[in-house]
Amino acid sequence: QHLDNMYKICIYILLALVTLSAPSCLKDSKTIFDKSPAERLDEAVRVNKELLESSAEGWIMHYYAGKDYSGPSYTLLMKFKDGKITVLSERVPDQAYTSDYDVVQDQGPVLTVNTYNEALHFLASAALGYPDGIQGDYEFAFISTSTDVINLRGKKWKNNMTLTRMPKGSSWEEYMLAIVTIKDELTSSSFSFKLGDKELAEGTINTTQNRLNVTISGKEFDTPFNFTDKGIVLHSPLVVEGKEYSTFTWDSAAKKFVSGNLSAELFRPNSYKTQDFWYGTWSIKHAAAPGVRRTPTLLQIEAPTSDNDKAKGLLKGTLTFQKKTYPILVPYDKAKGAIRIIMQPIVKNTPEAPAGMVLYPANITEDGKTNIHQEQSEYGITFAWDEDMGMAIASGDKTPDVGVINSFFGVAYEFQGNQRVPMVREGKLVTPIVMPKIEHMTRK
């Protein structure tokens with residue numbers, strides 16, 4: 001009986017509290033729902049635009065291209081003022097570009113760069129053979145905001161990116177110069193990873209696409225990163241002995257990246273060769289192409305001829321296949337002292353390829369299945385010198401869609417109206433160049 005009475009008293013007290021609080025709750029609900037969804041969205045658009053323009057020094061964007069973060073990453077500096085956006089990219093660190101921007105309504109507020117801006121739209125532009133470009137975005141949905149950090153998501157490719165407020169009094173020129181200085185000091189992409197004095201593994205920190213790859217204790221880490229004025233920040237952390245490491249500072253004197261007690265120390269592999277070593281004519285060894293009479297496949301390499309190519313380390317190449325020649329660019333990887341053949345357009349109109357050609361990397365499996373990588377990227381094959389064997393050994397990049405690159409196909413294009421489209425005959429792509437299962441190069 002006593003327990004029953006106590007139970008009833010508790011119920012009466014709870015009912016009284018609910019009754020007393022009801023007017024307050026109704027008042028709060030009325031305040032929350034005073035505005036319609038459209039009005040609340042208008043307010044969010046206004047507030048986010050004011051936030052973007054509130055930073056006199058601008059913002060630092062960590063930008064990622066490629067579906068599922070498979071493409072290159074860049075550090076961009078952005079400033080918003082009176083409906084204009086100015087962007088400076090590490091890709092072209094000495095040239096800022098200004099265009100219009102807006103924050104508009106969609107399913108939520110969206111930042112859109114609505115007139116052409118070279119720094120951003122280049123990353124989303126189509127090219128011969130690459131209708132999606134490198135899968136970059138120039139429209140970004142707002143995910144969350146604070147005074148100093150804005151989290152965004154690319155509207156088309158769904159990669160998450162951040163805008164971080166630049167500190168007061170900071171300089172774009174000094175920030176970008178610091179990044180360029182670090183990149184210039186990375187004279188190799190080979191790094192030895194250590195936890196304290198404990199050797200963990202050898203891996204790569206590649207500045208071509210800004211990507212780190214290393215296998216530690218049987219676990220592979222393959223992640224894009226962004227440069228800062230102090231070092232790099234990984235998109236996904238390294239996890240070593242249960243601890244996460246994401247932010248690394250560059251130690252210029254010791255030539256290593258440091259994060260707590262984890263370090264990545266730069267070293268030059270024995271295969272390293274200077275750029276001029278590669279000048280001359282090389283014979284490419286690959287498997288026989290089905291139905292094609294075997295003739296030597298040659299690659300002639302010369303010094304760059306333009307200032308732009310010199311700055312980017314793009315050597316002049318002439319590929320000879322079936323006694324026909326094609327102009328290509330051959331990147332010199334100064335971090336590895338090696339050369340590369342990469343995916344690229346071949347701008348030479350011929351009867352067999354009236355609208356030019358695209359040199360696509362591919363993987364041919366052991367059972368003969370061919371998988372062609374057709375998204376714009378810098379994936380390809382690296383040739384590194386082996387002193388003992390006296391040849392340049394081929395090693396292919398690992399792609400998320402087709403696996404390890406071991407072959408190249410030159411796919412012919414033709415015009416349909418004003419559009420370039422791949423040539424298809426009898427249900428098959430027309431491929432005037434076929435280099436399956438590339439193994440090595442030897443000097444002629």
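Predicted model: local features only at pLDDT ≥ 70, side-chain atom pairs only at ≥ 80, totals over all residues.
Me: Why is the pair Asp132 and Lys156 called a salt bridge?
Reply: A salt bridge needs a side-chain nitrogen of Lys or Arg within 4 Å of a carboxyl oxygen of Asp or Glu. Here the N to O distance is 3.9 Å. The pair therefore qualifies. A search of the whole structure gives 21 salt bridges.

Me: What makes Asp132 and Lys156 distant parts of the chain?
Reply: They are 24 residues apart. Asp132 sits in the loop between helix 3 (118-121) and strand 7 (139-145). Lys156 sits in the loop between strand 8 (149-154) and strand 9 (160-165). Helices (H or I, at least four residues) and strands (E, at least two) are DSSP runs, numbered from the N terminus.

Me: How do you know whether Asp132 is buried, partly exposed or exposed?
Reply: Buried means under 20% relative accessible area, exposed over 50%, and partly exposed in between (1.4 Å probe, protein chains only). Asp132 has 31%, so it is partly exposed. Lys156 has 53%, so it is exposed.

Me: Which salt bridge does Lys285 form, and what does the pair tie together?
Reply: Lys285 pairs with Glu439, the closest N and O atoms being 3.6 Å apart. Lys285 lies in strand 18 (residues 280-285) and Glu439 in the loop between strand 34 (433-435) and strand 35 (440-443), so the pair ties together parts that are 154 residues apart in sequence. Lys285 has 34% relative accessible area, so it is partly exposed. Glu439 has 39%, so it is partly exposed.

Me: What links Glu43, Arg46 and Glu50?
Reply: A network of salt bridges links these residues.

Me: What makes a set of residues a nonpolar core?
Reply: The members are buried Ala, Val, Leu, Ile, Met, Phe, Trp, Tyr and Cys residues, joined through side-chain atoms within 4.5 Å. The largest nonpolar core has 38 residues. Trp278, Ile339, Phe383, Ile433 and Met441 touch the most other members. A second, separate core of 32 residues includes Ile216, Phe221, Phe248 and Leu262.

Me: Which residues is Ile433 in contact with, leaving aside neighbours within four places in sequence?
Reply: Contact means heavy atoms within 4.5 Å. The partners of Ile433 include Leu319, Phe321, Tyr326, Ile346 and Phe408.

Me: What makes a space a pocket?
Reply: On a 1 Å grid over the protein atoms alone, a pocket is an open set of points where a 1.4 Å probe fits, with protein on both sides within 12 Å along at least five of seven lines. Lining residues have an atom within 4 Å of a point. The largest pocket holds about 1,700 Å³ and is lined by 44 residues. Arg91, Thr208, Lys312, Leu314 and Glu378 lie nearest its centre. Volume is the space filled by probe spheres set on the points, which are joined across faces, edges and corners.

Me: Which element supplies the largest share of the lining of the largest pocket?
Reply: Helix 5 does, with five residues.

Notes: Residues numbered from 1 in each chain as written. Heavy atoms only, no water.
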